[in-house]
Every structure is written in C-alpha cells, then in structure tokens.
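Please look over the sequence and the structure below. A short report follows, with headings by topic.

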2 protein chains.
Amino acid sequence: MKKATIKDIAKAAGVSIATVSYILNDVKTQSISDETRMKVLKIAQQLHYVTNRSARSLKLQKTGLIGILLFRDLVSQPWSDLKYVKTLYTLERLCGELGYHVIFMQVDGDAPSYDMIRERNLDGVFLINVDQERFSTVSRFFGFGIPVFVIDSWIEDTLFHKVLPDFESSFRIAGTLLGSAPDFLVMDAYNNAEFVDTIKQLSGLDEERIHRYESKEGLDDFLNKFTDRKGLVINEFLANEIVRTRGTQDRIAVLCTSHCPDILPAHVVNLSYELNDYKPVVGMMNGNIQDADYSNHNKFIYLSVTS
Amino acid sequence: MKKATIKDIAKAAGVSIATVSYILNDVKTQSISDETRMKVLKIAQQLHYVTNRSARSLKLQKTGLIGILLFRDLVSQPWSDLKYVKTLYTLERLCGELGYHVIFMQVDGDAPSYDMIRERNLDGVFLINVDQERFSTVSRFFGFGIPVFVIDSWIEDTLFHKVLPDFESSFRIAGTLLGSAPDFLVMDAYNNAEFVDTIKQLSGLDEERIHRYESKEGLDDFLNKFTDRKGLVINEFLANEIVRTRGTQDRIAVLCTSHCPDILPAHVVNLSYELNDYKPVVGMMNGNIQDADYSNHNKFIYLSVTS
DNA sequence: TTGTATGCGTTATCAA
DNA sequence: TTGATAACGCATACAA
C-alpha cells in the first residue's frame with residue numbers, strides 16, 4: 001500500500017491539489033468553505049496522510065532538522081559515554097517540543113567531515129565538546145548559514161553562541177559549602193584547551209594545585225599531596241572514581257557538570273547545573289531559525305548552579 | 001553565498017546537468033571522457049558542492065535515514081537516562097559507518113505519534129524498550145514498509161527483529177560464578193511486561209524470589225529476606241544502588257545489561273554483553289534496506305555474554 | 001472560494 | 001560520449 005499524497009487526497013475529494021494544501025497547512029490568507037475543509041480533512045485522515053518532509057524541505061528550503069554533534073573525548077575515559085547524555089536527551093526533548101527532529105551524530109577522528117550538515121540542510125546545530133582545531137575546518141567551509149550553538153567549548157569565532165556552566169558562581173558557592181576556598185582542583189579533560197584554561201583561571205588556583213585527569217596513577221600522585229585538604233572536583237563521574245578508590249577521607253566538593261548528582265554517594269557535597277536552562281537556549285535557536293536573525297551574535301549563555 | 005547545485009556545476013563546466021550527475025554518482029553504465037570527468041570533479045570541489053539529500057530522497061524514495069526511538073522508562077529511575085547510552089551511541093556509530101544518518105527521538109506519553117517515521121521516510125527503525133500497548137498503535141498504522149528492529153522488548157508480531165541479551169546463557173554462567181544457582185533475583189523494570197516475564201521464567205526462580213525494582217523501600221524489604229544468600233542483579237546501575245546502600249555484604253553477581261561494568265566497584269562479580277554484537281544487527285538492517293527482503297522475519301538476535 | 005502552473009535539486013530514461 | 005526532459009511531492013503566485 002503506497003503512501004498517500006496530496007494528489008491522492010485531491011482526487012478522492014474531487015478538489016484541486018492547491019485546495020488540499022491550503023487546508024492541510026491551514027493557510028490563513030485563503031478562505032475555504034467549511035464543507036470542503038471537512039471533506040478534505042476527513043479523507044486525509046482516512047488515507048493516513050502524512051506530509052512528505054523531503055518534498056516540503058526541498059520547496060521551503062527549511063528542513064525542520066536540528067543537528068546535535070557530539071565530539072568524542074580525545075582521551076577516552078570509562079565515563080566518556082555518560083558525560084553528555086542528559087544534555088543530549090534534554091536538547092532532543094526541547095527541540096521536539098518545538099516541532100524539530102534531531103539528527104544525532106558522534107564526531108571522531110582528527111579531520112571530521114561536516115558535510116552532513118549541508119547535505120541534510122540542517123536548520124541549526126549544537127556542537128558539544130568541540131576543540132578549536134577540528135572546528136576551524138568547519139567554519140571555513142560550511143560557514144554560517146545557520147545558527148550554531150557550542151556547548152562546553154571555547155571558540156574564538158564570534159559567530160557562535162556559547163553555552164557553558166557558570167563556573168564563576170560555582171567556585172564561589174563551593175567555597176562557602178566547603179567552609180573555605182578549596183586548596184586544589186581536579187577536573188575532567190574537556191577536548192577544548194581554551195575552555196580548560198578558562199576554568200583554571202576562574203578557579204583562582206595556581207597551576208600546581210590543579211590536576212587535569214588523564215589516568216588513575218597521575219591522579220593518585222596529585223591527591224597524595226593534598227591529604228586532609230579541601231578540594232574541588234569537576235565532574236561527578238570523575239569524582240565517583242575518586243571517592244571509590246580513595247574512600248571519602250578527602251574533603252571534596254563536586255561540580256556535577258554532567259547533571260547526574262544521583263550517581264554520587266549521598267553524603268558527598270555537590271553542586272549541579274540547571275537542565276532547565278537549556279530551554280531558553282533552544283528557544284533562542286528557534287528564534288534564530290525563524291527570523292534568520294543573527295544580530296545577537298557571540299552570546300554567552302551560562303547554566304545556573306543549584307546546590 | 002548560496003549553496004552550489006548540480007546546475008551551477010554544469011553551467012561552470014559547460015556540460016549538461018545529466019553529465020554532472022553521472023560523474024558525481026559515478027554511474028557505471030555511462031562512459032565519460034576522462035577530460036570532462038576531471039573538469040567537472042574539480043569544479044564541484046571548488047564550489048564546495050554537496051548533494052542535496054532532500055532532493056535526492058524525493059527522487060530515490062530512499063532517505064539514508066535511520067531512526068532510533070528510545071522509549072522512556074514508564075517508572076523513572078535516577079539512572080533511567082543512563083541505561084541505553086551505550087546502545088544508542090553504538091548504533092549511531094555503526095549506522096554512520098554504513099553511510100546512514102540517525103534521527104534520535106525519545107518517546108514519551110501514552111499515545112505517542114509515530115508520524116515522524118513516515119514523514120521523514122526513514123529507511124529503517126530501531127525501537128528501544130517498547131511496551132506492547134504503545135506499540136500496537138504503531139504496527140496498525142505505519143505498517144511494515146521498512147525494517148524494524150526491537151531492542152529489549154517482546155513484541156508478539158512476527159514482523160520485527162528482536163534484539164536482546166542472551167539471558168539463558170547468562171543465568172547459567174552467573175550460577176557458576178557464584179558457585180551455585182542464585183537464591184534470588186533483582187531486576188530493573190523494563191517497559192515491556194512480556195519481556196520481564198520471559199526473563200523471570202528463564203531465571204528458573206519462583207515468583208517470590210524475584211524482585212522487580214520500583215523503589216528503595218520495596219527493595220530493602222525484599223533483600224532483608226535474603227541476607228547471606230546469593231543473588232543476581234539485572235542492570236549495573238541498579239546494582240550500584242544496592243552496593244552503595246547496603247554495602248557489599250550481599251553476595252551478588254551483576255548482569256550488566258547497560259554495557260557499563262565500569263561503574264561498578266572493582267570487586268563486584270559481573271557479566272557484560274557484547275556491544276560488538278550490534279554490528280551484525282546493523283548489518284542485517286542494512287541488508288533489509290538494500291534488497292527490501294523481509295523473508296527473514298521474526299529473527300531473534302542475542303547479545304552474547306562475556307565475563 | 002477554488003484551480004493552474006511553476007519550481008525546489010535530483011536521478012534516470014531516452015534520444016542524439 | 002553527451003544532452004534534453006520528466007518525475008519525485010509539495011507550496012504558492014497568479015488566474016479564474
């Protein structure tokens with residue numbers, strides 16, 4: 001049983017293709033008699049009609065597709081796959097609520113192709129955990145025909161919206177939660193070097209008091225220098241690793257950058273970021289798509305912290 | 001700068017649209033002079049041409065799109081979002097390797113619409129954690145024009161491929177690992193009731209020795225009846241919860257149905273399922289798409305267990 | 001209030 | 001070896 005088209009409906013209803021299209025799309029500038037409207041609507045339902053988005057996209061030059069490109073960790077960790085689930089799921093849900101469909105793609109290797117974005121004529125893109133290097137090849141080619149939002153990444157180009165946790169407030173709050181400013185910082189390795197540098201700087205700690213996680217051994221050596229000192233851990237999965245291997249003797253607070261505080265033991269002091277803050281983000285994306293307005297460039301959007 | 005089309009290339013190269021199309025698609029039945037081929041290819045590159053998939057899809061009636069529909073847990077748990085990440089990521093990667101793009105969609109609510117599948121003319125679909133009820137509304141309408149693979153779900157209809165862990169072997173192996181057959185079973189709540197029943201049956205345990213997790217309290221009551229007994233836990237995130245709240249005095253083995261053994265403390269006995277087994281699954285999907293061959297229906301595909 | 005006709009960018013058939 | 005053209009399904013300017 002072939003899929004029903006507008007033409008089929010038109011034939012069955014004894015009206016023109018145009019009329020059917022007007023009715024299905026509820027075109028305001030056209031006045032349609034209630035009679036034909038009802039008739040057409042009924043037949044459309046009977047035939048289980050759904051619009052062919054390939055055809056519509058071709059005509060309208062809008063696909064209703066949003067891409068979520070997840071850049072895999074350059075140095076892979078056991079929890080690498082878990083880090084951005086909440087973000088991905090939340091973005092998908094919010095996009096869906098606005099009527100978009102989401103193409104999800106993992107980006108790997110060191111010279112990734114971004115052809116998909118242009119082949120599929122995506123209306124907008126979220127890029128998660130991008131490093132500057134692999135990204136520059138993007139901006140060069142596919143340019144900025146569509147709104148691009150960059151998550152957890154520091155991209156020099158002013159043409160992108162940047163979404164990131166509000167580390168500044170977080171460090172402050174963490175300090176009060178710990179009773180005093182932390183003596184050391186352990187952080188998960190983001191792909192984006194500039195992003196890492198920014199975090200380090202915001203922490204207000206010296207380089208030798210900061211550890212960027214790469215392996216268990218390196219971490220142990222580092223932590224041994226700070227027994228009984230107060231510290232901060234960025235990312236709950238990493239923190240979980242620490243709590244598990246070293247017990248809870250270390251007095252640490254955790255910034256849950258993956259929105260998964262639940263995976264931590266109950267007693268561990270932690271701060272989380274608002275998933276709700278993605279709502280205005282997606283709204284902004286939608287706005288950019290609708291009115292092709294890129295005047296509000298270079299926006300920074302901070303996920304607010306809750307404790 | 002508008003996107004270059006085949007027409008643009010044709011004009012720039014001084015050849016016809018057809019010729020360009022032949023060259024770009026490397027059509028074997030056409031013989032093209034090396035000269036024009038080179039010329040066209042060069043110009044295509046200069047103009048940064050990429051094919052417009054909306055147009056191609058419209059013409060070919062094939063979109064190169066595969067859907068992954070994730071049914072959200074009916075009873076939500078803290079780890080609900082984490083359960084199927086590995087599956088999702090693996091499927092995306094494998095589909096990508098075969099040239100497909102993936103539309104990811106979470107399904108929620110009790111009368112979900114599957115219009116997306118038909119509107120976007122997906123070439124195939126993976127359904128994860130579907131319950132029979134919400135699924136019957138699918139099969140009725142969108143029928144079986146495309147291959148459908150169902151993961152962790154027991155659907156009566158013989159028209160779908162079913163992918164699930166090899167519980168039978170797992171229970172056996174778990175028994176030997178524990179030293180003897182387990183006395184009790186704690187399992188995470190799948191959406192699909194029939195699937196749950198099957199697992200229960202395969203475990204060989206009486207109903208009162210099986211607990212389907214819903215809340216902490218219920219679980220504690222259950223476990224208190226089995227202190228010092230050997231048990232099996234299905235799903236590592238659930239197991240983690242148990243280990244954390246009750247310590248490790250319980251002698252348990254864990255079936256890591258989420259492919260995340262890493263999140264368990266090192267000493268916990270566990271079994272995992274092969275993510276590699278998704279490769280033949282996706283291959284089969286691809287085969288079904290290519291030759292529209294649905295003769296091999298009602299296939300059961302079991303993820304093999306490794307310890 | 002409804003219908004006719006064109007074009008979106010491809011692919012593929014047929015002709016040259 | 002190459003080119004003209006129809007068709008895929010839809011939206012819409014313009015006619016009626």
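## The sheet in chain B

Strand β1 (residues 65–71) of chain B runs parallel to β2(B), and seven bridges join the two. Strands count as paired if DSSP finds at least two bridges between them. Elements are DSSP runs numbered from the N terminus: helices are H or I of at least four residues, strands are E of at least two. Ile66(B) has Val102(B) as its bridge partner in β2(B). From β1(B) the chain crosses through α5(B) to β2(B), a right-handed β-α-β crossover. Right-handed here means that, with the strands pointing away from the viewer, the path from the first strand over the helix to the second runs clockwise.

Why is β2(B) largely enclosed by the rest of the structure? Six of its seven residues are buried, so the rest of the structure largely encloses β2(B). A buried residue has 20 or more other C-beta atoms within 10 Å of its own, with C-beta atoms placed from the backbone.

## Basis of the model

This is a predicted model; local features need pLDDT of at least 70, side-chain atom pairs count only at pLDDT 80 or more, and totals for chains, interfaces and linings use all residues. Residues are numbered from 1 along each chain as its sequence is written, while chains are lettered from A and ligands numbered from 1 in the order in which they are written.

## Chain A meets chain B

Strand β2 (residues 101–107) of chain A is joined to β2(B) by three bridges, and the two run antiparallel. Ile103(A) pairs with Ile103(B). Val102(A) stands opposite Phe104(B).

In total, 36 residues of chain B are in contact with 36 residues of chain A. Contact means C-beta atoms, placed from the backbone, within 7 Å. On chain B, α4 (53–60), α5 (85–97), β2 (101–107) and α6 (115–119) each supply at least two residues of the side that touches chain A.

## Around the DNA

Near a strand means that the residue's C-beta atom, placed from the backbone, lies within 6 Å of it. DNA strand D has 29 residues around it; Thr5(A), Ala55(A), Ser16(B), Ala18(B) and Ser31(B) come nearest. The most, six residues, is given by α2(A).

DNA strand C has 27 residues around it; the nearest are Ser16(A), Ala18(A), Ser31(A), Ile6(B) and Asn52(B). Two or more residues come from each of α2 and α4 of chain A, and from each of α1 (6–13), α2 and α4 of chain B.

How values were computed: Contact = placed C-beta atoms within 7 Å. Buried ≥ 20, exposed ≤ 12 C-beta atoms within 10 Å, placed from the backbone.
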